[in-house]
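Take a look at the fold below, and then we will walk through it together.

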Amino acid sequence: MQKIAVYCGASAGNLPVYQQTAAELGRYLAKHQLELVYGGGSVGLMGVLATAVIDAGGKVHGVMPQNLVDRGAAAHNLTDLTVVDNMALRKQRMLAMADGCIALPGGPGTLEEIVEAYSWARIGDNPNPCVFYNVNHYYDPLKTFFDQMVQQGFLTAEHRSKVLFVDRLTEIFNFMAHYTPPTVRTNYHH
């Protein structure tokens, strides 16, 4: 593992624990020679995360659509910034660059990105492990919902085991180190 995609809010949240955790994750990545791939933003948890990596001597790769760059959203202290045409290409490029995906707390955009990465893993289009960094129980309702998908027959237990909800960095990277992609369904006959 060399590069980790981290999805997170362009807002900081209203509890200090979210910013503290983003900074802690940034320092952890730099310390373990893991490069950050993220959305390229300078505000919210995005900015906290990227700054922490840079300040700790790590490398940060931003990926941002042109319209957000034009609005002045891009951070200027990055190792490099890749500008793409739209949000769909941003997600695709970030996945292609990364060896693992982590979602810090965030809004609908963060949720969209990590769920898409996990969804693509299930059909064989993403070999990367996906983790919800469940800071302050933020993702508990989603964890419950994923469990309900299994209970109601919309997600297999094997595939459910391929996404992790946890609030400890050691567990996140242990899961990633031992991850194998889900078995892809090949039988679609009725």
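The model is a predicted one, in which local features need pLDDT of at least 70 and side-chain atom pairs count only at pLDDT 80 or more, while totals for chains, interfaces and linings use all residues. Residues are numbered from 1 along each chain as its sequence is written, and side-chain values use heavy atoms, with hydrogens and water left out.

The strands that carry this pair are S2 (residues 35-38) and S3 (residues 60-65), which pair in the parallel sense over three bridges. Two strands count as paired if DSSP finds at least two bridges between them; strands (E, at least two residues) and helices (H or I, at least four) are DSSP runs numbered from the N terminus.

Stepping back, the open sheet has seven strands in the order S4-S3-S2-S1-S5-S6-S7, with parallel pairing. Strand S4 (80-84) and strand S7 (163-166) are at the edges with a single partner strand each, so one side of each has no neighbour in the sheet. From one strand to the next, the twist averages 20°.

Helix H4 (residues 87-97) packs on this sheet, touching S1 (3-7), S2, S3, S4 and S5 (100-103), and its direction makes about 160° with that of S3. Contact here means heavy atoms within 4.5 Å; axes are lines fitted to C-alpha atoms, for helices over the stretch in contact, and angles run from 0 to 180 degrees between N-to-C directions.

Now to helix H8 (residues 169-177), whose buried residues are Leu 169, Ile 172, Phe 173, Phe 175 and Met 176. Seen down the axis of H8, these residues fall within an arc of 155°, so they line one face of the helix. The arc is that of the directions from the helix axis to the C-beta atoms. Buried means under 20% relative accessible area, exposed over 50% and partly exposed in between (1.4 Å probe, protein chains only). Thr 170 and Ala 177 are exposed residues on the face of H8 turned away from its buried side. The cover over the buried residues of H8 includes S1, helix H1 (16-31), S5, strand S6 (130-133) and S7.

Grid points are joined across faces, edges and corners, and a volume is the space filled by probe spheres set on the points.

| Space | Volume | Largest share of lining |
|---|---|---|
| Largest cavity | about 30 Å³ | H5, three residues |
| Largest pocket | about 260 Å³ | H5, four residues |

Of the 19 residues lining the largest pocket, Cys 8, Gly 9, Ala 10, Met 46 and Arg 90 are the closest to its centre. The largest cavity is lined by Tyr 7, Lys 91, Leu 95, Glu 113, Glu 116 and Ala 117.

Lys 91 belongs to helix H4 and counts as buried at 9% relative accessibility. Beyond its neighbours within four places in sequence, Lys 91 is in contact with Glu 112, Glu 113 and Glu 116.

Technical notes
On a 1 Å grid over the protein atoms alone, a cavity is a set of points where a 1.4 Å probe fits but cannot get out, and a pocket is an open set with protein on both sides within 12 Å along at least five of seven lines; lining residues have an atom within 4 Å of a point.
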